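Let's walk through a protein model together, one step at a time. Have a look at the picture first, and then we'll go through it piece by piece.

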Amino acid sequence: MKKLRLPIMTVLFLMSFVPSQLSAVSGTNATSDPINRPVESTQAEVLITRLDEIKTMSKSELSSTQKKALRKEVRGIKHELKQKTQGVYLSVGAIIVIALLLILLL
């Protein structure tokens, strides 16, 4: 029974991470566009609608300075949205290192 104790504890420990890891992977992607991320605040919704408006604009009629101003505005809005969406992302390598450390310590 003592021989099975450590492997059973390890399997149970690793299985406890599977649901949280799957939801983190399927929910959002760290490199995805901030437009696709769910946000709660009304200010963020206003920013997203502004990004949609800019995306649907006809940019061929704009001058180069106006295009430059739009690009700066889009970058600023995306930066604000990134700050508003908070989350903790763990890489697979970090989870493996944590699991190995716990196995070695137990």
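This is a predicted model: local features need pLDDT of at least 70, side-chain atom pairs count only at pLDDT 80 or more; totals for chains, interfaces and linings use all residues.

Now for how the pair is arranged. Two packed helices are described by the angle between their axes and by the distance between those axes. Here, helix H2 covers residues 42-56 and helix H3 covers residues 64-84, and they pack at an angle of about 150 degrees with their axes 10 Å apart. Angles over 145 degrees count as roughly antiparallel, so H2 is roughly antiparallel to H3. As for the handedness, H2 passes H3 in a left-handed crossing.

In soluble globular proteins, nonpolar side chains tend to be buried together. In this model, the largest nonpolar core has nine residues: Ala44, Leu47, Ile48, Leu51, Ile54, Leu70, Val74, Ile77 and Leu81. Which elements give two or more residues to this core? They are H2 and H3, and H2 gives the most, with five residues.

Take Val74, which is found in helix H3. Leaving aside residues up to four places away in sequence, Val74 touches Leu51 and Ile54. How far apart are Val74 and Leu51 in sequence and in space? They are 23 residues apart in sequence, but 6.7 Å apart in space, going from C-alpha to C-alpha. Then find Ile77, which touches Leu47, Arg50 and Leu51, again not counting residues up to four places away in sequence.

Finally, zoom out to the whole protein. Its secondary structure comes to four helices and zero strands, and reading along the sequence gives the pattern α-α-α-α. How much of the protein is buried? Of its 106 residues, 15% count as buried. Among the contacts in the protein with a separation of 6 or more, 62% come from residues 24 or more positions apart.

Notes:
Residues are numbered from 1 along each chain as its sequence is written. Side-chain values use heavy atoms; hydrogens and water are left out. Axes are lines fitted to C-alpha atoms, for helices over the stretch in contact, and angles run from 0 to 180 degrees between N-to-C directions. Angles under 35 degrees count as roughly parallel, over 145 as roughly antiparallel, 65 to 115 as roughly perpendicular and the rest as oblique. A crossing is left-handed if the near helix is turned anticlockwise from the far one by less than a right angle, and right-handed if clockwise. A nonpolar core is a set of buried Ala, Val, Leu, Ile, Met, Phe, Trp, Tyr and Cys residues joined through side-chain atoms within 4.5 Å. Buried means under 20% relative accessible area, exposed over 50%, partly exposed in between (1.4 Å probe, protein chains only). Contact means heavy atoms within 4.5 Å.
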